[in-house]
Amino acid sequence: MKPLAKVVSCLDGYDPDALPVDTARAAIRACLEPLRESERVGTRDALGRVLAEDIVPAINVPAHHNSAMDGWALRGADLLADREVALKEAGTALAGRPFRGEVGPGQCVRIMTGAVMPRGADTVVIQEVVRRDGNRVLVPAGQKAGQNVRAAGEDIQAGVAALKAGNLVRAAELGLIASLGIADIIVKRRLRVAYFSTGDELTAIGKPLPQGAIYDSNRYTLHAMLAPLGMDVTDMGVVRDDPAKLETAFRSAAAKADAVITTGGVSVGEADFVKQLMGKLGEVLFWKIAMRPGRPMAFGRIGAGRRAPFLFGLPGNPVAVMVTFHQFVREALLLLAGRGDDCRAPLLPVQAAHAMRKVPGRTEYQRGVVFREAGHWKARTTGQQGSGVLRSMSEANCYIVLEHERGTVQPGEPVQVQLFEGLE
Ligand code: AMP
Ligand code: MG
């Protein structure tokens, strides 16, 4: 295993005491080693999983040329450019019940959507434009040879990967895999994630609150943010700021997880146990990220070797936990889980509804609301922006992402937002 410090020191702008968010993201990416283990599952159980193999179909979809419309199948060569043509109906082709004969010159076959194109026919004329006269079918001028036919292999070609390893299996992928007749596939095993909160002041919910204590909320936000990622998650509870207890917790997390998330204990001036222990147990980098909220963060590995779990030491402040999770941890976990696509929530441009104070030199994630006014999408911030105030997250539907170099934003200026919706 290459030392992480060596990997990250090669990055442009790497300064652990003032690390721009993009550099921090690049540093994490550069260090990650995705899961290798996979397992075979039934197609239905592949929902939400990551493909470990390309899906290469054995069949064409559609398997045969077929009709895209209800109408009559005929030979394009029989069409007349400037006048109506009369054809003789030779039979019927239904979806699942093909016409067995061949369509000869001057003939046509009644055909329904999805039915296999009969031999000889290469064109479908829709029923709405056709007139019938006894056994004769009158096709108007202006029809084009080849129209309204879906070609075999038009959607998916046999032998060509329809889905790639690293794709997430969602509804469309599940249906696509089923459309190929595939009953089981190989997916990455689920990423194992363990997390715990640290702090002497933390009290579990449902108990009386001692003087000076606070309820532990971070494990609940983490639970909620991890749930949609389809991982195998273990909540390890609260660990006191006590070196022996912390060491036990880290070792037991490391034994069962691919990634460990902690909250608290990484800020400056903190009773330094968490930091010290992280340093002792493996290789951990401590960063002050040029962002708000979420400045201190630790990233590293517990132990050595390929199986050493990755560690994300998040700050304790509840809003900072959410922001650092959304901006760094979520993407890192998805990459570890084997995702091959860009899993970051998109940044969308909208108008600032009012002035937003900002100093250059750090990225700010203001909690905001995107709304529509006079035909324009705009964003406003939600109340108090302190990093302990979860209410500002709860009232928001997006982050307003104010870039590193940017100063105060004037009303009407473009700002980028990241919808919470895409982060779920
Ligand atoms: P720390 O990083 O440990 O100094 O924590 C920073 C702030 O976040 C302190 O005010 C803590 O009380 C608060 N905090 C830490 N952990 C939690 C938690 N699990 N739930 C709610 N607040 C927390
Ligand atoms: Mg603490």
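**Cores, sheet and a buried aspartate in a predicted model**

The largest nonpolar core holds 52 residues, and Ile261, Phe312, Phe325 and Leu333 have the most contacts inside it. Helix 7 (residues 318-336) gives the largest share of this core, 12 residues. This is a predicted model, in which local features need pLDDT of at least 70 and side-chain atom pairs count only at pLDDT 80 or more, while totals for chains, interfaces and linings use all residues. Residues are numbered from 1 along each chain as its sequence is written, chains are lettered from A and ligands numbered from 1 in the order in which they are written, and side-chain values use heavy atoms, with hydrogens and water left out.

User: What makes a set of residues a nonpolar core?

Analyst: The residues must be buried Ala, Val, Leu, Ile, Met, Phe, Trp, Tyr or Cys, joined through side-chain atoms within 4.5 Å. A second, separate core of 18 residues includes Ala249, Val260, Leu277 and Ala298.

User: Why is Asp216 called buried?

Analyst: Buried means under 20% relative accessible area, exposed over 50% and partly exposed in between (1.4 Å probe, protein chains only). Asp216 has a relative accessible area of 2%, and is therefore buried. Asp216 is placed in the loop between strand 13 (214-215) and helix 4 (218-226); helices (H or I, at least four residues) and strands (E, at least two) are DSSP runs, numbered from the N terminus.

User: With which side chain does the side chain of Asp216 make a polar contact?

Analyst: The partner is the side chain of Arg219, at 2.5 Å. A polar contact is a pair of N or O atoms within 3.5 Å; within protein, one must be able to donate a hydrogen and the other to accept it, and residues adjacent in sequence count only if both atoms are side-chain atoms.

User: Why do strand 14 and strand 16 stand at the edges of the sheet?

Analyst: Six strands form an open sheet with mixed pairing, in the order 14-11-15-19-18-16. Strand 14 (232-239) and strand 16 (282-288) each have a single partner strand, so one side of each is left without a neighbour in the sheet. Two strands pair if DSSP finds at least two bridges between them. Strand 16 and strand 18 (residues 296-302) have seven bridges, in the antiparallel sense, and Trp287 stands opposite Met297 in strand 18.
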